[in-house]
Amino acid sequence: MNLNDIEVNSITKRFEDTVAVDNLSMNVARGELFGLLGPNGAGKSTLTKMLCGMINPTSGTINVGEYNIQDNPMKVKELLGVVPQDIVLYDYMNARENLAFFGKLYGLSGGKLKNRIEELLKFTQLDEKAVKRHISTYSGGMKRRVNIAAALLHEPQVILLDEPTAGLDPKNKLALWEIIRTLHKEGKTIMLTTHMMDEAEELCNQVAIMDKGKIIALGSPRQLIRKVKMENTITVVPDKITSKLIEAVQKISGVKSSYRAYDEDEKIETLKIITKKAEDILPDVVSAISSVGTKILSVELSRVTLEDVFISLTGRSLREEEEQL
Amino acid sequence: MKLKRTIHQVFAIAKTDFLGIARNRTAIFFTLLFPLFFLIIIGFTFGTQGTGETSRIRVGTVNLDGIAIDVNGTVSQNGTIGDAFVQALKDANFTVYEYSEYGDKDTDGTAAYDISRGEIKVAVVIPANFTEALSFQYTDSPGMQIPTKARLDLYTDPSDPTGSIIAQQSILGFISAFIEYYQGIVINQIPDAQMRDYAKVLADPITVSTSEADVSGRPLRWIDYMVPGTLGLVLLWSGLNHASVAIATERTKGTFQRMIIAPVSPITVLAGKFISCLAIVYVSAVIMLASGILIFQVNLYWNIPTIVLSIFLGALSAIGLGLIISSLAKNEEAANSIAVLISVPLQFFIGAFFPLSIMPEVAQIFGEALPFTKLVNAMQNIMTKDLPFEAIMPEIIYMTISGLILFTVGIIAYRLSLKRL
């Protein structure tokens, strides 16, 4: 019996001169919540498109369940539930009509389709009034829940979630995380693509970090953090971040690296200092910052995140990557 | 089982696509009602359009001059001026077709038959005594000599009112000039000056009778011809325009990609879209025809199977062309712009409102090459003239071939577009 629901073997995808996915191999075990991480342009979307049969690989093979996607694309599609990043619903139809349409595409009909729609409408937590309204009148969170429900109609074993919380406010983001956890508890195999490291760290029990079409790290979030042998991060919020400041901090003995980062929640720029001995060097950090005439607004010691792992592996922050794109 | 599932999928896609129009007021207007709006506006705005170029006017002549008649007790068989009249028409650059009899709309080879099929716009019947009348021969009458009178009969095509008026006016002008010329010759030969003046005043040997040819078998008005013609507009506005955005919109919104990642083949998606486009064309056609009946009380013949078949064949071309646009366009907006850019000018070349006969030759050739023009011709022939199915076989064959070609190219473009997902 095959214990992997997804097997990717030496997959390469070229677009003319560009190699989007470069000889990539990975497995996703049954029941796993697998996170595929990486900045925009890392090749995540191309890999996802190949996994769901939208495009064919230039070379290599992909198996989903017991089927090879090139040989049995329809069988693979029946096993997969794909939740696209954008809200892909017909805004001139209501939730029930949308679910009925996507259910029919998966071969559901009659009582079975009706029952499944009612089950999923409960899952979306829409009241009867909302169900009758056109999708165009829904809030972002409501649309997102129907968007997920549309992928679950045929009770797929494997669910691909593409940036499921992109653009959501913190409250809706947490609600969606709860839905993903529920699906995982039901035994579904979930592959989540995201560029939000905190999301992967919070939800996934296995993570692959992609960069330039390759997997550069694979393991559980804890394993990855341990692998790069980093223990702590000092996060400083100064009144301004200058290159002179970064240079001064970099000179402190025991500092592995320091970089400018952006706190999405607080909407502020921070200075991250990676070190093995945070408490020991903290006084030196404070005096170095003061020496260049910068005021410290706050200081925080935190553990290493997957974002730090990415930086350690590539020498670049995810934010830098996004700015370049 | 698999077939049943595919049929389910096709109709689900078609229904969803159709709802997209039915629940969007702007789309309802532009896709379904715009041709009707256009019919009303154009009908009131444009009456007749003129042209001075006679070569575009196809004239049929039935030259009976030369047939033996009795003039002043003797048999006259002179056809000189009748022949000269036909030759002068040709010299004046009219496109002249010669017939031996006027006949009727059901007798092949006659002028009436060709008028009913739009081959000629006007027929002139030259009477047997044309030469005698114009050469001032006299009938034998007790007490006084009476000049022989002749009557030219002019028949026009009522199914093309604008084109017929233009043709009629041109021919009447020509006849007037021709008669004046020949009268001049004869009058100038009269030696006595007083008699010459007298002849100038009294001589009026030719009258012209103008009537519409019987092409229908029942009295028809201008609007009766216009309503079937608007079915060509339906193809452009409802068929081409909707098909152009059908795939492009789904691709822009991502719903196309979502359909493709479901166990649905691209051809199933295409079949669903085709059915939806076809349904929109038929709904629009029904609206047009029903409006014709209810608003304008049109008086038409209803050969339903032929009408349904003709619309289907015309729709093949419209949807095929739309599919090509939809597949090649980058997004919905681009597809929409291309469709409008094509359909708006084309509507003036399909003969729905403006007869092709008034257009320059190049425009006529272009217009005649359009499958939508063939539908207009076929519908006008079937619905206003009650011609049998065989009479529109050339149009049917043309629409079938162009439909198959455009639809096949559309499928190829669609398949290529799948690589851009």
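Predicted model: local features only at pLDDT ≥ 70, side-chain atom pairs only at ≥ 80, totals over all residues.
Two residues are taken to be in contact if their C-beta atoms, placed from the backbone, lie within 7 Å.

Stop 1: Colour residues 2-45 together with 221-420 of chain B as domain 1, and residues 54-212 as domain 2. The C-alpha centres of these two domains of chain B are 46 Å apart. Where they touch, domain 1 of chain B contributes 12 residues and domain 2 of chain B contributes 12 residues.

**Stop 2: the domain 1 side of that contact.** Select helix H8 (222-253) and helix H14 (371-385) of chain B, the elements that each give two or more residues to the side of domain 1 that touches domain 2. H14(B) supplies the largest share of this side, 5 residues. Colouring the side of domain 1 of chain B by residue class shows 6 nonpolar, 5 polar and 1 charged residues.

**Stop 3: the residues between the helices.** Display side chains on H8(B), including Leu231(B), Leu235(B), Gly239(B), Ala243(B) and Ile247(B), which belong to the group that meets H11(B). On the H11(B) part of this contact, select residues including Ile311(B), Gly314(B), Ala318(B), Leu321(B) and Ile325(B). Sorted by class, the contact of H8(B) with H11(B) holds 16 nonpolar and 7 polar residues, and no charged ones.

Key:
Residues numbered from 1 in each chain as written. Chains lettered and ligands numbered in written order. Domains from an automatic or database assignment. Helix = DSSP H or I, 4+ residues; strand = E, 2+ residues; numbered from the N terminus. Nonpolar A, V, L, I, M, F, W, Y, C, P; charged D, E, K, R; others polar.
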